[in-house]
Amino acid sequence: MRVQKDRKVFSSALVIGALLLVRAGTLTAQEVRYNSMPGTDFSKYQTYRWVTVKGAHTDQIMYAEIKQSVDSQLASKGMTKTDSDKADLYIGYETAVDQETQWDAWGSRAFGSGMASWTSSTISIGTLVLEMYDPGTKQLVWTGGATKTINPSSNQEKNKKNLDKTLAKLLKDYPPKQR
């Protein structure tokens, strides 16, 4: 059972170093969710431009790694990145880390009596939210988020590989099919 301990937003540098890596011994599955504006014709979006989401932390290293991974995914879907204000889509992201208390119990029970023991540990849950806006209508047309227990690794290549896997999973069904 997990009990929400308290919500804190940490330095984005910590997030990219740890974002969406599996914590040993924790059975939390990665959650990926996305949603799109009903009736949106995504076939008209061929170019995109990166923008800073108001209030989002803009750590340069994290920004570069997330952008590079998203750029790779969108290029594989035929989209072109541009710096022009005339881009078809504006894309931004936000990150956060929540601290939660994880309670683990074990013990034995036989014939109405027994012993049990409880331990608690603090775990970090990282979230990355990607947002796509139509600059013409000034509306959010697609949003997606990935959340998972994180554990910082000193291996930057491993962190990058996990970030790439996460964004591939998040953008797997982009563009969405017409509803």
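A: Let's start with Arg 33, which is exposed, with a relative accessible area of 53%. Please keep in mind throughout that this is a predicted model.

Q: OK, and what does the side chain of Arg 33 meet in a salt bridge?

A: The partner is Glu 31, and the N to O distance in that salt bridge is 3.4 Å. Glu 31 is partly exposed, with a relative accessible area of 42%.

Q: How many salt bridges does the count come to?

A: The count comes to 5 salt bridges. Among them is one between Asp 134 and Lys 44, where the closest N and O atoms are 3.6 Å apart. That pair links distant parts of the chain, since Asp 134 is in strand 6 while Lys 44 is in the loop between strand 2 and strand 3, 90 residues apart.

Q: Is Asp 134 buried or exposed?

A: Asp 134 is buried, with a relative accessible area of 7%, whereas Lys 44 is partly exposed at 45%.

Q: And which residue forms a salt bridge with Asp 71?

A: Asp 71 forms one with Lys 81, and their closest N and O atoms are 3.2 Å apart. Here Asp 71 belongs to helix 2 and Lys 81 to strand 4, 10 residues apart in the chain. Asp 71 is buried, with a relative accessible area of 14%, and Lys 81 is partly exposed, with 43%.

Q: Switching topic: which residues touch the most other members of the largest nonpolar core?

A: Those are Leu 74, Leu 130, Met 132 and Tyr 174, in a core of 22 residues. Several elements each supply at least two residues of this core, including strand 3 (47–50), strand 5 (89–110), strand 6 (113–134) and helix 3 (156–170). The largest share, 4 residues, comes from helix 2.

Q: What does Met 132 touch?

A: Leaving out residues up to four places away in sequence, Met 132 touches a set of residues that includes Leu 74, Leu 89, Ile 91, Trp 142, Leu 171 and Tyr 174.

Q: Tyr 174 keeps coming up, so which aromatic cluster is Tyr 174 in?

A: Tyr 174 forms one aromatic cluster with Tyr 34, Phe 42, Tyr 45 and Trp 142. A search of the whole structure finds 6 aromatic pairs. In one of them, the rings of Phe 42 and Tyr 174 have their centres 5.7 Å apart and their planes at 85°, so the pair is edge-to-face. Phe 42 sits in the loop between strand 2 and strand 3, and Tyr 174 in the segment after helix 3, 132 residues apart. Both Phe 42 and Tyr 174 are buried.

Q: What joins Tyr 174 and Pro 175?

A: A cis peptide bond joins them, with omega of about 0°, and Pro 175 is likewise placed in the segment after helix 3.

Q: Back to strand 3, then: which residues are on the covered face and which on the uncovered one?

A: Tyr 48 and Trp 50 make up the covered face, while Thr 47 and Arg 49 are on the uncovered one. Arg 49 lies over the face of Tyr 90, at 5.8 Å from the ring centre. Strand 3 also runs parallel to strand 4 and is joined to it by 2 bridges, with Thr 47 standing opposite Thr 80.

Q: Last one: where is Lys 138?

A: Lys 138 is in the loop between strand 6 and strand 7. Although Lys 138 is not a glycine, its phi is positive, at about 60°, and the residue is exposed, with a relative accessible area of 71%.

Note on methods. Residues numbered from 1 in each chain as written. Predicted model: local features only at pLDDT ≥ 70, side-chain atom pairs only at ≥ 80, totals over all residues. Heavy atoms only, no water. Core = buried A, V, L, I, M, F, W, Y, C linked by side-chain atoms within 4.5 Å. Buried < 20%, exposed > 50% of the residue type's maximum accessible area, 1.4 Å probe, protein only. Contact = heavy atoms within 4.5 Å. Phe/Tyr/Trp six-rings, centres within 6.5 Å; stacked < 30°, edge-to-face > 60°. Lys NZ or Arg CZ within 6 Å of the ring centre and 35° of its normal. Pairing = 2+ DSSP bridges. Salt bridge = Lys/Arg side-chain N within 4 Å of Asp/Glu carboxyl O.
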